[in-house]
Amino acid sequence: MTYTFVTLFKNLVEGYFQDSILKRAIDGALLDIQYLNPRDFSESKHSKVDDTAVGGGAGMVMNPQPLYDALSELKKNDEDVHIVFVTPVAKAFNQNDAKRLAKKSHIAFVSGRYEGIDERVIETFADEVFSIGDYILTGGELASLVICDAVSRNIGGVLGNSESLSIESFETPLLEAPSFSKPQIYKKSSVPSEYLKGNHSKIRSLKLALSENKTKYFRPEQLLKHRTRISYEK
Ligand code: ADE
């Protein structure tokens with residue numbers, strides 16, 4: 001998988017790939033990270049990339065020209081590139097999107113700064129537009145990294161055996177059961193005794209009960225989905 005980060009601030013993105021799982025994936029040639037700076041494509045005298053909003057409104061909006069030319073160049077070099085814009089004005093990204101996008105060969109993440117991106121660029125180039133949640137970040141770089149990370153762990157070989165993909169929250173509507181590490185007792189607090197006894201069917205049913213409790217507390221709408229699914233399967 002190749003990722004191209006289309007950003008004015010490469011430095012904000014680069015650090016994330018310098019350690020841990022994604023670094024290992026880059027070293028193993030499973031991922032390739034490229035950067036494209038719209039400023040390098042600006043035709044204005046001082047390499048300007050933004051301007052005040054037409055029709056009024058606070059803040060600066062990214063001009064169409066530098067982005068338009070950057071993305072045209074990207075598409076010219078790889079017509080299969082899948083272009084993703086990140087903005088709070090979009091569908092919320094989820095685990096199904098992560099799994100689906102993991103099958104692409106090349107994804108470009110377009111990060112806006114300032115008050116946003118000229119809508120005409122989005123309309124011309126976007127294959128998809130995602131928000132990562134109902135809050136406003138100072139720019140799209142973090143949102144792009146969040147999506148990139150979630151997609152990458154679904155690419156074959158990116159996770160090692162010890163970082164398995166198997167039963168995780170959002171693979172089913174239930175949130176994952178709590179996990180524990182050693183020691184069995186820490187500061188007088190023990191892991192659930194059932195976890196220690198080695199009866200796998202009992203452990204499974206305890207984990208399911210704990211999952212349901214967590215889901216009921218944190219995400220009641222997901223529990224409803226789970227129960228609907230179970231009664232449908234019966
Ligand atoms: N840019 C700014 N805020 C964002 C959000 N919540 N999701 C995606 N992109 C953004």
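## Ligand contacts

A backbone N or O atom of glycine 133 lies 3.1 Å from a nitrogen atom of the ligand. The model in which this distance was computed is a predicted one. Tyrosine 135 also places a polar backbone atom by the ligand, at 2.8 Å from a nitrogen atom. For leucine 137, the distance between a polar backbone atom and a nitrogen atom of the ligand is 3.0 Å. How much of the 260 Å² that the ligand exposes when taken alone does the protein bury? The protein buries 96% of that area.

The ligand sits in the second largest pocket. Two elements give two or more residues to the shell around the ligand: strand 5, covering residues 82-92, and strand 7, covering residues 128-131. Which strand gives the most to this shell? Strand 5 does, with three residues. The residues that surround the ligand include Val86, Thr87 and Pro88.

## Serine 111

Serine 111 is found in strand 6, which spans residues 106-111. Serine 111 has a relative accessible area of 2%, so it counts as buried; the cut-off for buried is under 20%.

The side chain of serine 111 makes a polar contact with the side chain of serine 144, at 2.9 Å. Leaving out residues up to four places away in sequence, serine 111 touches Ser144 and several others, including Val6, Thr7 and Met62.

## Aspartate 118

Where does aspartate 118 lie? Aspartate 118 is in the loop between strand 6 and helix 5, and helix 5 covers residues 119-125. Is aspartate 118 buried or exposed? Its relative accessibility is 13%, and therefore it counts as buried.

The side chain of aspartate 118 has a polar contact with the side chain of arginine 120, at 2.7 Å. When residues up to four places away in sequence are not counted, aspartate 118 touches Val61, Met62, Asn63 and Pro64.

## Alanine 70

Alanine 70 belongs to helix 3, which runs over residues 64-77. Alanine 70 counts as buried because its relative accessibility is 0%. Which residues is alanine 70 in contact with, apart from its neighbours within four places in sequence? They are Leu36, Pro38 and Phe41.

Alanine 70 and serine 190 are 120 residues apart along the chain. The C-alpha atoms of these two residues are separated by 56 Å.

## Backbone details in loops

Alanine 29 has a positive phi of about 65°, although it is not a glycine. Alanine 29 is in the loop between helix 2 (20-27) and strand 2 (32-36). With 67% relative accessibility, alanine 29 counts as exposed. Lysine 187 likewise has a positive phi, near 45°, and is a residue other than glycine. Lysine 187 is found in the loop between strand 8 and strand 9, where strand 9 covers residues 189-190. At 69% relative accessibility, lysine 187 counts as exposed, because the cut-off for exposed is over 50%.

Which residues does a cis peptide bond join? Lysine 182 and proline 183 are joined by it, with omega at about 0°. Proline 183 has its place in the loop between helix 6 (141-152) and strand 8 (185-186).

## Proline 192

Proline 192 lies in the loop between strand 9 and helix 7, the latter covering residues 193-196. The relative accessible area of proline 192 is 24%, so this residue is partly exposed.

Proline 192 touches Phe180 and Leu206, when residues up to four places away in sequence are not counted. Proline 192 and leucine 206 are 14 residues apart along the chain. What separates their C-alpha atoms is a distance of 9.2 Å.

Key
Residues are numbered from 1 along each chain as its sequence is written. This is a predicted model: local features need pLDDT of at least 70, side-chain atom pairs count only at pLDDT 80 or more; totals for chains, interfaces and linings use all residues. Side-chain values use heavy atoms; hydrogens and water are left out. Helices (H or I, at least four residues) and strands (E, at least two) are DSSP runs, numbered from the N terminus. Buried means under 20% relative accessible area, exposed over 50%, partly exposed in between (1.4 Å probe, protein chains only). Contact means heavy atoms within 4.5 Å. A residue is near a molecule or strand if one of its heavy atoms lies within 4 Å of it. A polar contact is a pair of N or O atoms within 3.5 Å; within protein, one must be able to donate a hydrogen and the other to accept it, and residues adjacent in sequence count only if both atoms are side-chain atoms. Accessible areas come from the Shrake-Rupley method with a 1.4 Å probe; for residues, only the protein chains shown count as cover. On a 1 Å grid over the protein atoms alone, a cavity is a set of points where a 1.4 Å probe fits but cannot get out, and a pocket is an open set with protein on both sides within 12 Å along at least five of seven lines; lining residues have an atom within 4 Å of a point. A molecule sits in a cavity or pocket if more than half of its atoms lie within 2 Å of its grid points.
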